[in-house]
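Here are my notes on the model, written as numbered points. Please read them with the structure open beside you.

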Amino acid sequence: MTRVLFSPIGNTDPIRDCYDGACLHIIRHYHPEKVVLFFTEEMLHREEKNHCYTRAIKHVAPDVEIEVIDSGIEAAHIYDEFIEVLPDAIRSYENDSTELILNLSSGTPQIKTVMAIVAVEDGLRGVQVESPNRGSNSASRPVQADDDIEAIIANNLDDEAGAENRCIEPPLQVIRYYSEKHQIISLVERYEYAGAYALAKSSVNVPKDVKKLLHHAMLREQLNTEKAEQELSQYNGVKLIPFKDEKEQELFEYFLKLQLDSGKKHLSDILVKSNNFIVELLRRYILKGTSFRLFDCLERNRLVRTKIEAAYPGLVRSLDYEFYGDFRDSELSFANLCVMCRYINEESLAKDNEVGSGVVDFVNAMSSLRELRNDSAHTIKNITPDDFRAKLGMSHGEFIDKLAKLGSLVMGEKFGKCRNMYDKINELIREGLSVRK
């Protein structure tokens, strides 16, 4: 394997105050077979005048191969000047037969920062060189184009036997962690929990409790609520699973999923999936919030005309009106449940009149839902926000708000209070990442 040193060139190179600059010192102690010198316009001008950098390198390592990169960069203190050029240049030398070492001590602070980030992201070996006085070199004079380079080389104290090795390989975990933290937060803000968990799981920097929280969120978003609860039921005193009743928790999770789809503008998915949610909520309302005897009208979860006629003759007339005079036995559906809810309200069969009126307001507001759902379920046409508003008379955000209100009417205020559960989880993730141990 060939050892290659990739080195920007700065004001401390090649020699300063009778000691190696960073590039020369790394060459002296790491013995690379090849050195790649990354020049800004200013540094290349000095090299062209008296070859100070390459002559110093050849003095220390006569057999090393030297390759020069003329970056053309004029303002090395401005990130935009090299933010793409420098990483691409480094990565062009990465391959399975090369051990690539990066000089993290030469160049402007901006160049050093980018070098360290690439070292972290690509898992490369980064080397820093401490100054001989363990302080700043800013007060000393850098090598100039008209200096006597041979005299400077001859007076280099690092050439003496027993001179100190000032190379260090710093733990770059802090930079790595902030890069990972930024990526994780970016993913969770888009509710991309699977990607965020995959990144966190492979990291030695992300706290274990944050990994558990991300895993919980990933499982939860996949509607694997039981495993999510096994992974984590509360975090720092925050109860993550608000409902004890399994069916209520299942409905709540389904709503959260619809809310995520709204945030991601997956509007066709919302229309198709929301039907099941609404049907189950209305069914639950009728069973638990009214005195209507639903089971007297059912046979194996199918509404049977003769049974309805025997129990509630007026409901049959309402169903016939809705279905053009020809209601037949059918599965419980959004359409026939809407008719039932209106009938319950008219006959004062709701246990709480305010809840009953709220449910009827909801079903009346959703009069276009069946048509739009059928459009989205049977065509490949994407539903745009404008399509959604034109058909339902409300935005997708307003639609989700109405689902939340229906959930609160049927399952209690806790439903609405906990609707921002994923945003709360995201807040807990951000807090957990900000207190890295």
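Is C341 buried or exposed? C341 counts as buried, because its relative accessibility is 1%, and buried means under 20%. Keep in mind throughout that this is a predicted model.

1. Cysteines. The structure holds 0 disulfides. C52 takes part in no disulfide, and the nearest cysteine sulfur, that of C23, is 11 Å away. C52 counts as buried, at 0% relative accessibility. C341 is likewise in no disulfide; here the nearest cysteine sulfur belongs to C338 and is 6.6 Å away.

2. The largest nonpolar core. This core has 86 residues, and the members that touch the most others are I184, F292 and I429. Helix α12, residues 267–289, gives the most to the core, with 10 residues. Apart from it lies another core, of 26 residues, including L5, I9, L24 and L44.

3. Contacts of I184. Which residues does I184 touch, not counting those up to four places away in sequence? They are A196, L199, A200, V206, L214, I429 and L433.

4. L187 in helix α7. L187 lies in helix α7, which covers residues 173–189. L187 counts as buried because its relative accessibility is 18%, and the limit for buried is under 20%. Leaving aside neighbours within four places in sequence, L187 is in contact with E192, G195 and A196. As for V279, its C-alpha atom is separated from that of L187 by 33 Å, and the two residues are 92 apart along the chain.

5. The pair F292 and Y312. A search of the whole structure finds 17 aromatic pairs. One of them is formed by F292 and Y312, which are stacked, with 4.3 Å centre to centre and 15 degrees between the planes. F292 lies in the loop between α12 and β11, and Y312 in the loop between α13 and α14, so the pair ties together parts that are 20 residues apart in sequence. F292 is buried, with a relative accessible area of 5%. Y312 is buried too, with a relative accessible area of 8%.

6. The pair F323 and F327. This aromatic pair is tilted: the centres are 5.8 Å apart and the planes are at 45 degrees. F323 counts as partly exposed, at 23% relative accessibility, whereas F327 counts as buried, at 3%.

7. An aromatic cluster. F243, F252, Y254, F255, F277 and F415 form one aromatic cluster. The ring of F243 also has the charged end of K414 sitting over it, 5.2 Å from the ring centre.

8. A sheet. How many strands form the open sheet that includes β11? There are 3, in the order β11-β12-β13, and the pairing is antiparallel. The edge strands are β11 and β13, each of which pairs on one side only. Strand β12, residues 302–303, pairs with β13 over 2 bridges. S330 in β13 is the bridge partner of L303.

How values were computed:
Residues numbered from 1 in each chain as written. Predicted model: local features only at pLDDT ≥ 70, side-chain atom pairs only at ≥ 80, totals over all residues. Heavy atoms only, no water. Helix = DSSP H or I, 4+ residues; strand = E, 2+ residues; numbered from the N terminus. Buried < 20%, exposed > 50% of the residue type's maximum accessible area, 1.4 Å probe, protein only. Contact = heavy atoms within 4.5 Å. Core = buried A, V, L, I, M, F, W, Y, C linked by side-chain atoms within 4.5 Å. Phe/Tyr/Trp six-rings, centres within 6.5 Å; stacked < 30°, edge-to-face > 60°. Lys NZ or Arg CZ within 6 Å of the ring centre and 35° of its normal. Pairing = 2+ DSSP bridges. Disulfide = S-S within 2.5 Å.
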